[in-house]
Amino acid sequence: MKTKKGFTLRSLGNEHLLVAESVEMTNFNRMISMNESAAMLWKEIDGKDFDAETLTNLLMENYDINRDVAEHDVTALLKSWKEAGIIED
Amino acid sequence: MTTTEQQYFALMRAALWQQPVEFDRAPDWKGIMGIARHHTTEVLVADVASRLTGDNAPSDALLREMKASMRANLINQLELKQILTTAITALRDKGIESVLLKGFGLALLYPNPNLRQFGDIDLFVGLQQFHEACKVLRTLPGGYNWGDEVDSGRHYNIEFGHHPMEVHRVSADIENPKDLAIYANIEQDGLVDNRQTIDFEGFPLPVPSKEFMVFFTFLHAWEHFLITGVGWRQISDLAMSLHTYLHQPTASLTAPFDLDKLRSWITAMHLMEPWQAFGLLMVNYIGLPSSETPFYDPSCTRRAQKLYDRVMAEGNFRRPNRFKYRKPKGRIAKKTHAFIGIFIDFFQLAKVFPKQAFRELNSALKTSFSKNFQKK
């Protein structure tokens, strides 16, 4: 998998927003709010090839959680990212 | 200074220098945000405020408002960015060099550029390329809706969707012919001979030389002070430009900042006293280190206090109308009205900067008489 081009992660206050850079794509619906851990993962994998294992390892390295919890969170996260159309196979 | 003002400046310093913020008393959010809006700094303040927790945090309703204003500003910036890069690329393709004044050029000096508010694009192309540049920009493809085209002496206004762009033949309104001649040389140095290119998220953005950037930012704040009211946004811009260029030179800067050049420009335009008063405001209220404030003079406290009072009262573009009645009709009445206006401006300015007030009065009277004779 890899991240789609044309999106940039921006931080405003305590919000992390993934925004579409092009005017045609830009409106409030094209701003995807991410929590702290999702934003961290996006920064790490943006522009690179990755898979679920990559994200799981990153979560375990950065947060004090076990593999089962990390895998569960990554599965949910990848599903939401795919639905939002911000990653591709 | 009121407690609310102290709290506003604490938040501004936190935003500009990425420092934690501490309050002695519970924040007066309504008052703070009122000041922030008055000075077009609400997004900067909202960024810090929305990260506060516990008793100091804003209410949920206010937080929602803050998030909405930050998001709206980001959307606006993204739209302006696309217009700007499209325009500069189109001009480059036709061999026309442009330079971005203010806007993103200043925003990029802030710790988080997405927090600096601005509503338009100011592109300098100079006298020689002016008509060709306007022609290129008018015919730019891309389905943009060009609006009304209004020509002013200084720039050409183009509406790009709902975003205005000002294409500048000159970068400042200067009436005094002697000052204008001096400024023309400054402009040539900073916008033509020594302009620089900085990286703007992968796009090569043409901006003025660093000395011109600082000088022009100050001149812009001064013009606001003279005409419409200056806010902490303009003063923060000046602080950020000084901090960037004097404290932490970036890789794109090949030469150290030329302080002698800056001094000669400020002196030549007879603006050292205003410069020093603005310097004290930046140091005392928004935390610019005095070591990064060239020609710093801590002795001008009375003048700085008067300037502070005016800044707080007027804000960005919010100077109250100097007349309490409507503009009169009839040729003589209109001219008398304008003449009185010149003297009201003089007395207002003389309270803070007497020398500059006499210079402005002299220029305004000359211009006024010359316009009247020309019309006859």
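Me: Which side chain of chain A meets B:E201 in a salt bridge?
Reply: In this predicted model, the partner of B:E201 is A:R10, at 2.9 Å from N to O. A salt bridge here is a side-chain nitrogen of Lys or Arg within 4 Å of a carboxyl oxygen of Asp or Glu.

Me: How many salt bridges are there between chain B and chain A?
Reply: The count is two.

Me: And how many residue pairs are in polar contact?
Reply: Seven residue pairs between chain B and chain A are in polar contact, both residues being at pLDDT 80 or more. A polar contact is a pair of N or O atoms within 3.5 Å; within protein, one must be able to donate a hydrogen and the other to accept it, and residues adjacent in sequence count only if both atoms are side-chain atoms.

Me: Which helix gives the largest share of the side of chain B that touches chain A?
Reply: Helix α4 (residues 60-93) of chain B does, with 10 residues. Helices (H or I, at least four residues) and strands (E, at least two) are DSSP runs, numbered from the N terminus.

Me: What area is buried between the two chains?
Reply: About 1600 Å² is buried between chain B and chain A, and carbon and sulfur atoms give 59% of that. Buried area is the accessible area (1.4 Å probe) that two parts lose on being put together, summed over both.

Me: Which three residues of chain B supply more of its buried area than any other three?
Reply: They are B:R71, B:I75 and B:L78, which supply 37% of the area that chain B buries against chain A.

Me: Changing topic, what are the elements of chain A?
Reply: Chain A has three helices and five strands, in the order β-β-β-β-α-α-α-β from the N terminus on.

Me: Why is chain A called as compact as a globular protein of that length?
Reply: Its radius of gyration is 13 Å, close to the 12 Å that the globule rule gives for 89 residues, so chain A is as compact as a globular protein of that length. The radius is taken over C-alpha atoms, and the rule is 2.2 Å times the number of residues to the power 0.38.

Me: Where does A:I32 lie, and what does it touch?
Reply: A:I32 lies in strand β4 (residues 31-34) of chain A. Not counting residues up to four places away in sequence, A:I32 touches A:H16, A:L17, A:L18, A:A84 and A:I86, where contact means heavy atoms within 4.5 Å.

Me: What conventions apply?
Reply: Residues are numbered from 1 along each chain as its sequence is written, and chains are lettered from A and ligands numbered from 1 in the order in which they are written. Local features need pLDDT of at least 70, side-chain atom pairs count only at pLDDT 80 or more, totals for chains, interfaces and linings use all residues, and side-chain values use heavy atoms, with hydrogens and water left out.
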